[in-house]
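Look at the model first.

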Amino acid sequence: MTHFFERRDPWGNGYAMWVVLALVFVAPLAWWSLKQTRLENDVENWLPAADPQLKVLRWAREQFPVEERIFLTWDDSSLGDARLSRLVEKLEGFTDAEGVKRSGLMHVSDVVEPREILRAMQEHSIEPREAVRRLEGTVLGAGPLRLQLTDAAKTRLRKVKAELAAAAKSKFGIELRFHDAQPNLAALVAVPLPEGEESRGHGAPAVLRPDGELSDETSLDHDLSVSFRGMRSGSPLTREVSAWLEQSTLGADDGTTGAEKLISRSFFVPGAPAAVAVSLSEVGLAEKREAILAIRAAAEAVGIPRDQLRLGGSAIAGTELNAEVKQAGWDKAQPLHLFHKRSVILTSALIGALMAFCMVRNLRLSALILFVAWFTPFLAVALVPVTGGSMNMVLVVMPSLLMLLTLSGAIHVANYWKHAALHNPATAVVETCKVSAAPCGLASLTTAIGLASLCTSPLAPVRDFGLYAAIGTLLSLGMVLYVLPALLQLWPARPPAREEVDNTVWRTFGRAMTHRPSLQAAVFLLVCGVASFGLTRFRTETKVIRYFPETSRVVQDYHFIEENLAGIVPVEVIVRFDEQAQGEQNFLQRMEVVRAIEEAFRQYSEVSGAISLADFQPVSAPPESDSFLAGKQYIKRANTIEERIREGQIPASRSFYTVAARPHDLDQPGDQGLNHPKDELWRISAQTAVMSETEYSRILNDLNQLTRNILRLHPGTEHVITGAVPLFLRTQVAVLESLVSSFGLAAVLILAVFVIRLRSLPAAIVAMIPNVVPITVVFGAISWFGHRVDIGTMITASIALGIAVDGTLHYLTWFQSGLKIGHSRNQAIADALMHCGPPMWQTSLVVAGGLLVLAPAELLLISRFGWLLSAMIFVALLADIMLLPNLLASPLGKLFEPRLAASKEPKPGIAEPATSATPSAVPAPHLSFEAPVRSSIRPEA
């Protein structure tokens, strides 16, 4: 049958010309599609709509319409900062006498500032200092721990600081940071009074003991302040450190007559810093980056320095993530002479291209290889917008991966062509296509299987990556088997000299692998087993902020906010009272149940603060006496407050309280697992730290148990926990599920390919060992060192498995071909390595080297993907050139022998001398062309 590249059209033109014309036609369409590309990195959209945790979150947002907010503060912000009012007006604008909104930003719908909340609390009879305590850890920070020193400590202040810092580092493992006393602290933290009572001045500042409770002492006198990472008023660590500080003494060696205390008093003063919560409008949600730039500009306009402004929230992390993804492709802020910083993605492509040229050593052939290597990701990425998809932080590494995979396949085909051209340049293209189709097709198939297995993930970015990368791998196969040969036919390269393909070092290395193979394999597997044991420490990570380096501005802002103000990530607890519970307890009693849960949260170490409707009402205890009148007044008050809230007379209550109008199901239709009609729903919002090392599963379990301990005393009550923390936790679980399911599916499918290829299940299982080892070794090693696996690194397992199989298939093809022409097993092992060694290490070097260039990327997700996959490919190369020959030379190698050659089997481990049937010494990776008098091994098609 006439080959594709031997055929002619009716006008006498070869089909190669039509292949090239097809590329010319497709190129402008692909370019148009690329210009429509959009970025989408919203963590909430990672999970499928049917996911239970996401369903609960959307139900909660339906019941409590809370807009997406950006938290804004600055280094020296406080309740008494005059810029606070100017900033609110700049952001929100004002309403004129006709009710028309003037000025303000179109990206902002609402601004909530702490003084407004404090006034609302005081209007409902909350004592000013108590109001501040309730807001501490949400929009008000407690500031550093204020220290009042003894006279003895004041005289040796420098030495006291040094000794306390050293002792704290030794005892608690923390680094104390000391600050000078704040001279005008009272003016900064003075509590504003409700409108109409300004004539009274300001309320007395709130002073908190280290345990987070209000102190009777109102003096703000202090000599020094101290802070450390993770410090929060009321947390166990803070209480322990403050108690230790107050017990610290000066010894006799300091020149005193005896031990004297250093600290006479320690306390917190909430009110500095203060935060503003900015709600985004529909315009702001659609244009988050522009909204953030406008907010920054407004802050500068009121006198807040740019370097002191701190922003936090999901919109900030998502927008910064989009920016980092774009900068990985092209960062205009970096100079062109620092090209590795201008574009880490293009640098990876250029390094891969340079190494490919060094491998091929032919300028024209290298140019053709680079063209197909770069055109493949160009087409693949163009498929994303044209099919309605969007780029994300995982898909951004797809161009580099496809470029390097295409380079790998093109180098294999280039080696085919070199040996074919050495024999007959006129038929080299056709001969190359005939022989390369089977091994390259199998290699691409296994890689595509590994990538397509990612489509089983519940995470949308992983599914998208698996789908588009698998399609891209098949495009790569077409480019390698059709476009590259077409270009070679139209623009043939110079045939190589014989010395360019002559190498016998690999045969010598192959023979060394057959010496005591069982021992070598045992040692190799022992080392791999030790590394793989690290999987017992395997942990996942899905916090978006963890994808940024510690030196980035967004991470520094998050640290400042969480150390000085509040946790950034909310946990929402929805408490439900059914009709029975509403009948047994009046409104105020139900409110006190909610308050008890909230206060329990405030005492929990991982919660900086909490807020609910109960914070806007004073504590309401039932009358102690049995007086009928007192009881009647109490019930009347409860009914009045309930009526006012349900009728919407207290606007702020809508965010924390509602009565369900209709049922909502959770697991199955009709189960009403979320609520029944007329159920009363109370929302408690607790702030937790995203930068904390504490496992989210532990936080949720603890909060769940705290809530249960209180609600179990009140029949007819239930609760659910939702918000960003449960969503992150569910995503972490999904990452692990994706890793296991996708890798397992890829392994099973590739094992099936091996079974078909080798016609033996035991042989297929042995052949899989060198391909599984790289994944377990590298993931085990990073787990040993405490690295977590994120959404970007988990996809490397299936990718590496697909790539690793490439070398194994090529090697086994040559090994079995040697056995079938009568060579001994050890001789076939050495000859197969001679043929496959050069392209295996060349392609591994090109792919791993190109990926390693991604390691310096600012976005850690890209960086980890690069160096992790590079490490897997390196281990896969070692497994293919060392472990696989060891296994084949051991007794397990009998599984791979053709039945008709069984009688000629020599003793394993003993190398046989070369005979006249020894194949050519010319190192032909896939073809061997020699003089007719010498035998030539041709792998099976």
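F587 is buried. W682 is buried as well. This is a predicted model. In it, the ring centres of F587 and W682 lie 5.1 Å apart. Their planes meet at 40°, so the pair is tilted: stacked would need under 30 degrees, and edge-to-face over 60. F587 belongs to helix α23 (residues 587-602) and W682 to strand β16 (residues 680-688), so the contact ties together parts 95 residues apart in sequence.

A second pair joins F616 and F656, with ring centres 6.3 Å apart. The planes are at 40°, so this pair is tilted too. F616 sits in the loop between β14 (607-611) and α24 (628-646). F656 sits in the loop between α24 and β15 (657-659). The pair links distant parts of the chain, 40 residues apart. Is F616 buried or exposed? F616 counts as buried because its relative accessibility is 9%, and the cut-off is under 20%. F656 is buried too, with a relative accessible area of 9%.

| Ring pair | Centre distance | Plane angle | Class |
|---|---|---|---|
| F587 and W682 | 5.1 Å | 40° | tilted |
| F616 and F656 | 6.3 Å | 40° | tilted |

How many aromatic pairs does the model hold? The count is 10 aromatic pairs. Ring pairs also build a cluster, whose members are F577, F587, Y657 and W682.

Next, charges over rings. K171 lies over the face of F172, at 5.6 Å from the ring centre. R310 lies over the face of F560, at 4.7 Å from the ring centre.

Now strand β11, residues 276-280. How many of its residues are buried? The strand is mostly covered, with five of its five residues buried. In a regular strand, side chains alternate between the two faces of the sheet. In β11, V276, V278 and L280 point one way. A277 and S279 point the other way. Both sets are buried.

Which strands pair with β11? Strand β1 (residues 69-74) runs antiparallel to β11, and four bridges join them. L72 has V276 as its bridge partner in β11. Strand β4 (residues 108-112) also pairs with β11 in the antiparallel sense, over four bridges. Here D110 has S279 as its bridge partner in β11. V276 and S279 are both buried.

How values were computed. Residues are numbered from 1 along each chain as its sequence is written. This is a predicted model: local features need pLDDT of at least 70, side-chain atom pairs count only at pLDDT 80 or more; totals for chains, interfaces and linings use all residues. Side-chain values use heavy atoms; hydrogens and water are left out. Rings of Phe, Tyr and Trp (its six-membered ring) pair if their centres lie within 6.5 Å; planes under 30 degrees apart count as stacked, over 60 as edge-to-face and the rest as tilted. Helices (H or I, at least four residues) and strands (E, at least two) are DSSP runs, numbered from the N terminus. Buried means under 20% relative accessible area, exposed over 50%, partly exposed in between (1.4 Å probe, protein chains only). A charge sits over a ring if NZ of Lys or CZ of Arg is within 6 Å of the ring centre and within 35 degrees of the ring normal. Two strands pair if DSSP finds at least two bridges between them.
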